[in-house]
Amino acid sequence: MALAELSTSYTKTATRYHFSQLSLSSASSRFSDHFRRSFRPTPRTRNATISCSVTSDQVQARIPVEAESPKGKTECYGVFCLTYDLKAEEETKSWEKLVNIAVSGAAGMISNHLLFKLASGEVFGPNQPIALKLLGSERSIQALEGVAMELEDSLFPLLREVRIGINPYEVFQDAEWALLIGAKPRGPGMERAGLLDINGQIFAEQGKALNAVASHNVKVIVVGNPCNTNALICMKNAPNIPAKNFHALTRLDENRAKCQQLFLQLALKAGVFYDQVSNMTIWGNHSTTQVPDFLNARISGLPVKEVIKDHKWLEEEFTEMVQKRGGVLIQKWGRSSAASTAVSIVDAIKSLITPTPEGDWFSSGVYTNGNPYGIVEDIVFSMPCRSKGDGDYELVKDVIFDDYLLKRIRKTEAELLAEKRCVAHLTGEGIAYCDLPEDTMLPGEM
Ligand code: LMR
């Protein structure tokens, strides 16, 4: 065990760290002349807006018929500054009310895959117009402008509004979904406790901002690592938002467990494709202690252990492959997973807005209070969930446990409790005390 108090210097742990989620730098940099011309940030926030000028009785169409006078519209440019006469558009009559989606780390690689999926209608459907509220840092704001330009150039009819900025209190205004991707990567010499602290501060601030300005039923999906504990911090700083609305993204781990190199190996051994793998739970932390549950998972409707007789392989190779997939990928790519993470965010959202297929479930890191599994309360822990498609979920009751599964669950639970102690100063629970287990780490830390 490595012991550290956040008020003092951190005790060195014997692990190497590789945080490669998106970076939010606090280093200040000057906006380019181009940015200054295109956007007029307010002196306080340097927020910028690209908004489509449609009136309430209008919906968006592709043909601009009248441009607003540049005067009074200097904060937008290009296609988003034009006003459209949409009354004649048949297709838009079926559109739903606009949904506000906030994304942090919006200039990074994961977002670069995700935003275009969101804007295309792939996630929320062809009748759902959306507004994108993109949060970056001072350092990334120019890149964020580039992202906005690419969104503009993509001519997505459903994309009604784009805002970019660096102040979460402005960017998160009225957000109904908050996809929190941006987090600090571990810097040279930084201890795991230090990383928890730095990222925890980001998520504490973003929790406060969501609490203050977002929709009070906003659904929050935390992606930036360590995502379970960041989600807990965010939740604790947002007391007006239901605790149930906070998720830590473990869908990537679930997908990995089903995928070709991992669960497909189960499927290949069983002679089926991975779409036949169901009821796949990831228990616990998005770290190398996570538990891919082959006891409750099914292949073509049958328990995995009945289909795959090599139980030693399940317990050892399969489990470790899922746990360490992120790190192996970093070794190959030289950077953290981005496209597959974006896909798993899409899957996570879709799982909440579409009814879960009969008999199946999905994994999400959610608040443990009231869980039926005996997992310690007041942490964010990946568990099996089902949704009616209304954005909410229920925990699945009919799962079974054996000694192997329980032992693994206890280990990932202990790790999350240690992380929680380490961020107590950010959750309003007193003085932080870091005794993080040395043998566990994020999937990306090898
Ligand atoms: C992943 O699972 O791919 C990432 O969380 C790894 C990392 O540390 O960025």
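Predicted model: local features only at pLDDT ≥ 70, side-chain atom pairs only at ≥ 80, totals over all residues.

User: Okay, pockets first. What volume does the largest pocket have, and which residues lie nearest its centre?

Analyst: The largest pocket has a volume of about 390 Å³. Its lining is made up of 15 residues, and those nearest the centre are N255, R256, K258, C259 and Y274.

User: Which elements give two or more residues to that lining?

Analyst: Those elements are α7 (251-258), α11 (325-333) and α12 (339-353), and α7 gives the most, with 5 residues.

User: And what's the lining like by class?

Analyst: Sorted by class, the lining of the largest pocket holds 6 nonpolar, 3 polar and 6 charged residues.

User: Switching to the inside: how many residues are in the largest nonpolar core?

Analyst: The largest nonpolar core has 57 residues, and the ones with the most contacts inside it are I101, L118, L134, L151 and W283. There is also a second, separate core of 28 residues, with A178, I202, V220 and M235 among them.

User: What does I101 touch?

Analyst: Leaving aside residues up to four places away in sequence, I101 touches L118, F124, I130, A131, L132, K133, W177 and L179.

User: Now strands. In what order do β10, β13 and β14 sit in their sheet?

Analyst: These 3 strands form an open sheet in the order β10-β13-β14, with antiparallel pairing. Because β10 (277-278) and β14 (302-303) stand at the edges with a single partner strand each, one side of each is left without a neighbour in the sheet.

User: How many bridges join β10 to β13?

Analyst: There are 2 bridges between β10 and β13 (residues 298-299), and S278 has R298 as its bridge partner in β13.

User: Where are N279 and D378, and are they buried or exposed?

Analyst: N279 is in the loop between β10 and β11 (281-283), and its relative accessibility is 4%, so N279 counts as buried. D378 is in the loop between β15 (362-367) and β16 (380-386), and at 16% relative accessibility D378 counts as buried, because the cut-off for buried is under 20%.

Definitions and conventions. Residues numbered from 1 in each chain as written. Heavy atoms only, no water. Pairing = 2+ DSSP bridges. Helix = DSSP H or I, 4+ residues; strand = E, 2+ residues; numbered from the N terminus. 1 Å grid on protein atoms, 1.4 Å probe; cavity = no way out; pocket = protein on both sides within 12 Å on 5 of 7 lines; lining within 4 Å. Points joined across faces, edges and corners; volume = space filled by probe spheres on them. Nonpolar A, V, L, I, M, F, W, Y, C, P; charged D, E, K, R; others polar. Core = buried A, V, L, I, M, F, W, Y, C linked by side-chain atoms within 4.5 Å. Buried < 20%, exposed > 50% of the residue type's maximum accessible area, 1.4 Å probe, protein only. Contact = heavy atoms within 4.5 Å.
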